[in-house]
Amino acid sequence: MSEAPEDTAPPAKKAKRPLWIAVVGLALGAVALWGSSQLVWFAEFRDGGVRGTVQYTETGSERAVALIPLALLALAGTAGLIATGGWPRRVLGVVLAVAGVAAVWVGVVGGSFSGFADGLPVAQMLGARGLAILGGILVTAGGLAAIRGAGRMPRLGAKYAAPGTKKRAAKDPETELWEALSEGEDPTATR
């Protein structure tokens, strides 16, 4: 007996796989960017006058104000990838890839990675920047996946195209019978 290779998935599932990989990547990137904006990005000790020396902190949303808009753009991009197809999906992929690179840039530039005073939340500051960089990488990867697979990925509503349009690719005969029934034709009638 010969066993079928594990990689033989139905064509419909193979076509959906890149879409869901891109969508999950974008959603995780959006969550990472939002989470990074809630963490401490900057901390130092300042003279508080009567109170003495106090610790001053700024979160990511205060220090790097682009994080939340980039997270929202990535989240909206997930819906856009599902709803569009063809060249609009490619354009959206380019926008998302550029947004991801911008998020990586925000995470790398403008901060120090060493020379912190004792008592500052160093782990949180480094983790916040790392989370922003990870989110940017995920958004960039999702955008590039959208560009690369725009023609192969399924499109929302593509199943319900105009009745006069015929599919170009050869299909499974059983699928053609069901589609003929859906269109109101008799698949058993001789043509």
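Modeller: G127 is found in helix 5. Helices here are DSSP runs of H or I with at least four residues, strands are E runs of at least two, and both are numbered from the N terminus. This is a predicted model, where local features need pLDDT of at least 70, side-chain atom pairs count only at pLDDT 80 or more, and totals for chains, interfaces and linings use all residues. Residues are numbered from 1 along each chain, and side-chain values use heavy atoms, without hydrogens and water.

Colleague: Why is G127 called partly exposed?

Modeller: Its relative accessibility is 35%. Buried means under 20% relative accessible area, exposed over 50%, and partly exposed lies in between (1.4 Å probe, protein chains only). So G127 counts as partly exposed.

Colleague: Which C-alpha lies 8.3 Å from that of G127?

Modeller: That of L39, 88 residues apart from G127 along the chain.

Colleague: What makes helix 4 and helix 5 roughly antiparallel?

Modeller: The axes of helix 4 (residues 87-108) and helix 5 (residues 122-148) cross at roughly 165° and come within 7 Å. Axes are lines fitted to C-alpha atoms, for helices over the stretch in contact, with angles from 0 to 180 degrees between N-to-C directions. Under 35 degrees counts as roughly parallel, over 145 as roughly antiparallel, 65 to 115 as roughly perpendicular, and the rest as oblique. Therefore helix 4 is roughly antiparallel to helix 5.

Colleague: What residues make up the contact of helix 4 with helix 5?

Modeller: 15 nonpolar, 6 polar and 3 charged. Ala, Val, Leu, Ile, Met, Phe, Trp, Tyr, Cys and Pro count as nonpolar; Asp, Glu, Lys and Arg as charged; the others, Gly among them, as polar.

Colleague: How do you know that helix 3 is roughly antiparallel to helix 4?

Modeller: The axes of helix 3 (residues 67-83) and helix 4 cross at roughly 155° and come within 10 Å. So that pair, too, is roughly antiparallel.

Colleague: Why do strand 1 and strand 2 count as paired?

Modeller: Pairing needs at least two DSSP bridges. Strand 1 (residues 40-47) and strand 2 (residues 53-59) run antiparallel and are joined by 7 bridges, so they pair. R46 has V54 as its bridge partner in strand 2.

Colleague: What makes E58 and R63 a salt bridge?

Modeller: The closest N and O atoms are 3.2 Å apart. The rule asks for a side-chain nitrogen of Lys or Arg within 4 Å of a carboxyl oxygen of Asp or Glu. So the pair qualifies. The count by this rule is 1 salt bridge.

Colleague: Is E58 buried or exposed?

Modeller: E58 is buried, at 13% relative accessible area. R63 is partly exposed, at 38%.
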